[in-house]
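Here is a short report on one protein chain. Look over the sequence and the model first, then read on.

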Amino acid sequence: TFILYARKSNESEERQVQSIEDQIKFCKIKAKQLWIDIIATFTDEKSAKAPYVRTWFNEMMAMIQEGKIWGIIAWKLDRLTRNPIDTGSIQYSLQKWVIERIITNDREYFPWDSGLLFSVETWMANQFILDLSKNTQRGMRWKAERWWLWCSAPHWYLNDKLNKTVIIDPDRFLLVRKMWDLLLKEKYSVSKILQYLSN
């Protein structure tokens with residue numbers, strides 16, 4: 001008996017990853033080819049860069065420790081883990097035969113080969129997150145040094161994703177500017193400004 005696990009977050013590092021539906025479809029085809037019985041499908045829509053935050057991953061690991069499942073099938077190993085704590089939990093369970101088999105799209109992992117190759121592949125997934133964090137921080141510093149906004153556009157502005165800059169919101173900016181002009185120059189009260197705008 002196997003658990004099917006699929007994960008995708010909306011964060012930038014995983015926007016190109018296959019959708020959860022595609023991952024599930026692949027895993028079910030693979031399971032049918034290998035005559036594997038999937039007893040449950042768990043999906044998380046969160047990043048795996050931090051431990052203890054994925055509800056269904058934690059539920060899956062609890063079922064593993066209770067001896068309710070024999071193995072895991074997932075699209076790739078980095079769907080299961082991208083941090084050392086979750087990696088250690090999975091790897092230790094595999095080495096102790098608590099998990100007897102992990103199946104992905106390109107290989108299978110067994111207790112007797114769960115050392116070097118498993119460690120290298122999960123380390124690469126973790127290193128990707130570390131490098132992404134450093135690159136993001138460098139980009140934010142670069143923008144800050146040039147007085148660019150390094151976060152989402154504030155109210156009444158829009159993010160220009162094509163040119164990676166901030167532009168005026170044509171529908172709201174002029175209206176808000178007029179409100180401030182009325183407040184600061186003509187000394188209108190807030191209630192009078194709202195009344196003026198409603199007319």
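## A serine and its surroundings

Leaving out neighbours within four places in sequence, S93 is in contact with M61, I64, Q65, V98 and I99. Keep in mind that this is a predicted model. S93 sits in helix α4. Is S93 buried or exposed? Its relative accessibility is 3%, so S93 counts as buried; the cut-off for buried is under 20%.

## Two helices side by side

Two packed helices are described by the angle between their axes and the distance between the axes. Here the pair is helix α2, residues 55-65, and helix α4, residues 84-95. They pack at an angle of about 25°, and their axes are 11 Å apart. That angle makes α2 roughly parallel to α4, because angles under 35 degrees count as roughly parallel. The crossing of α2 past α4 is left-handed.

Which residues make the contact? From α2 come F57, M61, I64 and Q65. From α4 come D86, S89, I90 and S93. Sorted by class, the contact has four nonpolar residues, three polar ones and one charged one.

| Residue | Relative accessibility | Class |
|---|---|---|
| S93 | 3% | buried |
| R79 | 0% | buried |
| E121 | 26% | partly exposed |

R79 belongs to helix α3, residues 77-80. What does the side chain of R79 reach? It reaches the backbone oxygen of R7, at 2.9 Å.

E121 lies in helix α5, which spans residues 116-145. Not counting residues up to four places away in sequence, E121 touches L77, R107 and Y109. Take the pair E121 and L77: they are 44 residues apart along the chain. Yet their C-alpha atoms are separated by 7.5 Å.

## The whole chain

Now step back. How many helices and strands does the chain have? There are seven helices and seven strands. Starting at the N terminus, the elements run β-α-β-α-β-α-α-β-β-α-β-β-α-α. The chain has 199 residues, and 34% of them count as buried. Take the contacts with a separation of 6 or more: 58% of them are between residues 24 or more positions apart.

Notes
Residues numbered from 1 in each chain as written. Predicted model: local features only at pLDDT ≥ 70, side-chain atom pairs only at ≥ 80, totals over all residues. Heavy atoms only, no water. Axes fitted to C-alpha atoms, helices over the stretch in contact; angles between N-to-C directions. Helix = DSSP H or I, 4+ residues; strand = E, 2+ residues; numbered from the N terminus. Parallel < 35°, antiparallel > 145°, perpendicular 65-115°, else oblique. Left-handed = near helix turned anticlockwise from the far one by under 90°. Contact = heavy atoms within 4.5 Å. Nonpolar A, V, L, I, M, F, W, Y, C, P; charged D, E, K, R; others polar. Buried < 20%, exposed > 50% of the residue type's maximum accessible area, 1.4 Å probe, protein only. Polar contact = N/O pair within 3.5 Å; in protein donor to acceptor, adjacent residues only side chain to side chain.
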